[in-house]
Amino acid sequence: MQQEIADRLKRTNIAPIPFECDASFLKVSGELPRELNGTLYRNGPNPQFDVPGAHWFVGDGMLHAFHLENGRASYRNRWVRTPKWQAEHDAGRALFGGFGRKLPGAPASATADGGVANTNIIFHGGRLLALEEAHLPTEIEPGTLKTRGYCNYDGGIAGPFTAHPKIDPVTGEMVFFGYNASGPFTPTLSFGAVSASGALTRFDRFEAPYASMVHDFIVTENHLLFPVLPITGSLARAMAGQPAYAWEPDKGAYVGVMKRKGSANGSARDVVWFRGESCYVFHVMNAWEENSRIVADVMQFEEAPLFPHPDSSPTDPAKARARLCRWTFDLSGNTDRFTQTYLDDLTGEFPRIDDRRAGTKSSHGWYACANPEAPISDWLSGIVHVDGKGSRLGRYLLPPGDTISEPVFVERGKDAAEGDGFLLAVVWRARENRSDLAVFNATDVEAGPVALVHLGHRVPDGFHGNWVGAI
């Protein structure tokens, strides 16, 4: 029996599931809060066909929708029908090896569009959008999860669009960016904005110090910040069969600071580049302005995970873990360096806040964390709650072997105080090889879930999700 348990705990939750399904009236343990009326949409890689050696990041997007209403729960999952997914479905086999690369033997007539729409899903301007950072947003029909196709805002945008746009909680404006904006592995960044009603209002481009994988960016009331960090992209490497993206710390860390409302000649001319110690950041918790400074809380890695050095040698696992870190930028012009100060030594990722405080100083934050007693190779298995200084207010850890997704905050009501609400996270039960949706009181995570929605199958480890209230 002990060996059986040990073998089960060695399982991971990365492999795809090979089906789409609908499940109504799911079993619930505890009681779902009656304030939760809407849908948690989640997105993540779920390759339709196996491609040996393909990077986890390049699997086809699968959407998972948990609908909660009047204490009841239902579930639906669907692949995003991208041009790539449809071409491979019709061919009955994989045609792409990832990062836009066609496999040998793929017919010349097959689409060249390798988009996977697998990273995030947001609702803005009346549209539900599945996102990944190398292609345009893909519009999804709410509820049914039917794919409607690319959204280019009436032809106003082209090229890559971030998986992490920021929505201003005051104006409703959505700010976005894209890297590789002049083509694959180019140092050009694009940026723009969409009004609360869904109309494109800005779109521009500028040059970064080098071609970098820029996964997330930083938005405050008056500024945009673009981290250019040394996971570098190289067409020459890709053409030679070497890592298309690799860790090159000698390139250094840059962050471009731009005014949100630029000069009459275009705000791309306002970029000021700050330098810092080499690091990598996938995700930003929040940022704000105070006393001629910008303060940003991020999950910082000393060395990048999931990507090797250019010679394919791995990075150091002990350094390839993220910790909550505070970046500070002095806008007075006295220095071109930004400071980096770790706020905790706990390994974590997928930070979230009460989005009503986005871009302004916040007093509550949450992220998925690792168990400090578990092996460093173990994935995220708990939730930590922190205050505005990064100090822990509470922590909850799952049983050994179980893993947890990004925690998504939902306010109790439109007039609720900051942090007054719930956290929704998908949990994989290693022993049973299936998943639950866990609902926590956001300010008392240590007490554990107030409700669990039980699925009969597993939801593979994915990336991001968001709550959409009843439409």
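Guide: By class, three nonpolar, five polar and three charged residues make up the lining of the second largest cavity. Here Ala, Val, Leu, Ile, Met, Phe, Trp, Tyr, Cys and Pro count as nonpolar, Asp, Glu, Lys and Arg as charged, and the others, Gly among them, as polar. The model is predicted: local features need pLDDT of at least 70, side-chain atom pairs count only at pLDDT 80 or more, and totals for chains, interfaces and linings use all residues. Residues are numbered from 1 along each chain as its sequence is written, and side-chain values use heavy atoms, with hydrogens and water left out.

Visitor: Which element gives the most to the lining of the second largest cavity?

Guide: A cavity is a set of points on a 1 Å grid over the protein atoms alone where a 1.4 Å probe fits but cannot get out, and lining residues have an atom within 4 Å of a point. The lining includes Met285, Asn286 and Trp288. Strands are DSSP runs (E, at least two residues), numbered from the N terminus. With three residues, the element that gives the most is β22.

Visitor: What volume does the largest cavity have?

Guide: The whole structure holds three cavities of 30 Å³ or more. A volume is the space filled by probe spheres set on the grid points, which are joined across faces, edges and corners. Among the 21 residues that line the largest cavity, Ser405, Val459, Pro460, Asp461 and Gly462 lie nearest its centre. The space in this largest cavity is about 180 Å³.

Visitor: In the salt bridge of Arg321 and Asp345, what is the N to O distance?

Guide: Side chains of opposite charge can pair when their charged atoms come close. A salt bridge is a side-chain nitrogen of Lys or Arg within 4 Å of a carboxyl oxygen of Asp or Glu. For Arg321 and Asp345, the N to O distance is 3.1 Å.

Visitor: Is Asp354, the partner of Arg356 in a salt bridge, buried or exposed?

Guide: The side chains of Arg356 and Asp354 meet at 2.6 Å, N to O. Buried means under 20% relative accessible area, exposed over 50%, and partly exposed in between (1.4 Å probe, protein chains only). Arg356, at 26%, is partly exposed. Because its relative accessible area is 0%, Asp354 is buried.

Terms used: On a 1 Å grid over the protein atoms alone, a cavity is a set of points where a 1.4 Å probe fits but cannot get out, and a pocket is an open set with protein on both sides within 12 Å along at least five of seven lines; lining residues have an atom within 4 Å of a point. Helices (H or I, at least four residues) and strands (E, at least two) are DSSP runs, numbered from the N terminus.
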